[in-house]
Amino acid sequence: MTLLHLETSTKNCSVSISKNGKLLSLCEEHDQGFGQAEKVHRFVEWAMEGAEIQWRDLDAICVSKGPGSFTGLRIGVSAAKGFCYALKLPLIALDSLEILAQSQIKEGFDIIIPMIDARRMDVYTAVYDGKGNRLSSIEAITLDENSFEEYADKKIVLVGDGVEKSQEVLQLKNAEFKLDLHPSAEYMIQLAEEKFVNQQFEDVAYFEPFYLKEFMAGKKSNKS
């Protein structure tokens with residue numbers, strides 16, 4: 001199977017092409033100005049040139065559905081749906097936090113905590129085991145000194161653009177903090193292929209990004 005992957009949930013605009021589980025090409029850039037609208041289609045063209053494939057070679061389109069930047073998600077999802085309509089291809093959607101967690105599954109950690117910045121002291125986050133299996137719900141939380149204390153005795157890694165603020169408040173002495181990693185289309189391949197094999201496709205007409213709107217409207221999360 002040959003898949004086109006789009007990841008635009010953060011300031012990292014990322015596009016990749018994979019075939020039968022192998023990365024053929026990757027084009028991405030981290031931009032403080034959220035430049036996905038200008039870049040995503042150009043990156044798709046470059047990725048396809050690098051992979052030496054044609055549009056007719058694609059079997060599905062995979063996109064990050066969020067949570068993350070409202071604008072970034074809208075751009076990525078709109079582009080993916082447009083490709084699906086034009087090429088009559090199925091749509092696969094992945095959680096941006098799960099994509100971020102995939103970057104750490106071979107690093108030997110017991111617990112992986114990806115974080116995407118949600119402004120102020122808030123982050124989008126979830127907890128995964130060392131194999132990338134999700135252990136908690138995806139939610140938006142306000143970080144405090146007690147956050148994730150139940151995992152303090154584990155080998156933990158926190159990763160993503162929400163990690164810098166977490167260092168200021170978290171009391172996790174044995175945790176490793178990785179600030180310079182972002183959700184990337186490079187880490188979408190295995191997850192997307194599993195969904196393709198299992199025919200877990202989205203309804204292109206009705207699919208919308210996962211915004212966590214309730215939290216962004218100002219409601220406080222009741223989850224710990």
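Start just after H2: Lys 88 takes a positive phi of about 55°. Helices here are DSSP runs of H or I with at least four residues, strands are E runs of at least two, and both are numbered from the N terminus. This is a predicted model, where local features need pLDDT of at least 70, side-chain atom pairs count only at pLDDT 80 or more, and totals for chains, interfaces and linings use all residues. Residues are numbered from 1 along each chain as its sequence is written, and side-chain values use heavy atoms, with hydrogens and water left out.

Now H2 itself. How far apart are its end C-alpha atoms? They are 26 Å apart, which agrees with the 26 Å that its 18 residues should span at 1.5 Å a residue. That expected span is 1.5 Å times one less than the number of residues.

Which residues of H2 are buried? Among them are Leu 73, Ile 75, Val 77, Phe 83 and Cys 84, and Lys 81 is on the list too. Buried means under 20% relative accessible area, exposed means over 50%, and partly exposed is in between, with a 1.4 Å probe and protein chains only. The cover over these H2 residues includes S1, H1, S4 and S5.

Next, the core. The largest nonpolar core has 27 residues, and Leu 4, Leu 6, Val 15 and Ile 61 touch the most other members. S1, S2, H1, S4, H2 and S5 each supply at least two of its residues. A nonpolar core is a set of buried Ala, Val, Leu, Ile, Met, Phe, Trp, Tyr and Cys residues joined through side-chain atoms within 4.5 Å.

Take Leu 4. Beyond its neighbours within four places in sequence, its contacts (heavy atoms within 4.5 Å) include Val 15, Val 44, Trp 55, Ile 61 and Phe 83.

Two of those names bring us to the rings. The whole structure has four aromatic pairs. Rings of Phe, Tyr and Trp (its six-membered ring) pair if their centres lie within 6.5 Å; planes under 30 degrees apart are stacked, over 60 edge-to-face, the rest tilted. Trp 55 and Phe 83 have centres 5.2 Å apart and planes at 40°, so this pair is tilted. Trp 55 sits in the loop between H1 and S4, Phe 83 in helix H2, 28 residues apart. Trp 55 is partly exposed at 34%, while Phe 83 is buried at 12%.

Phe 196 is buried at 17%; Phe 201 is partly exposed at 28%.
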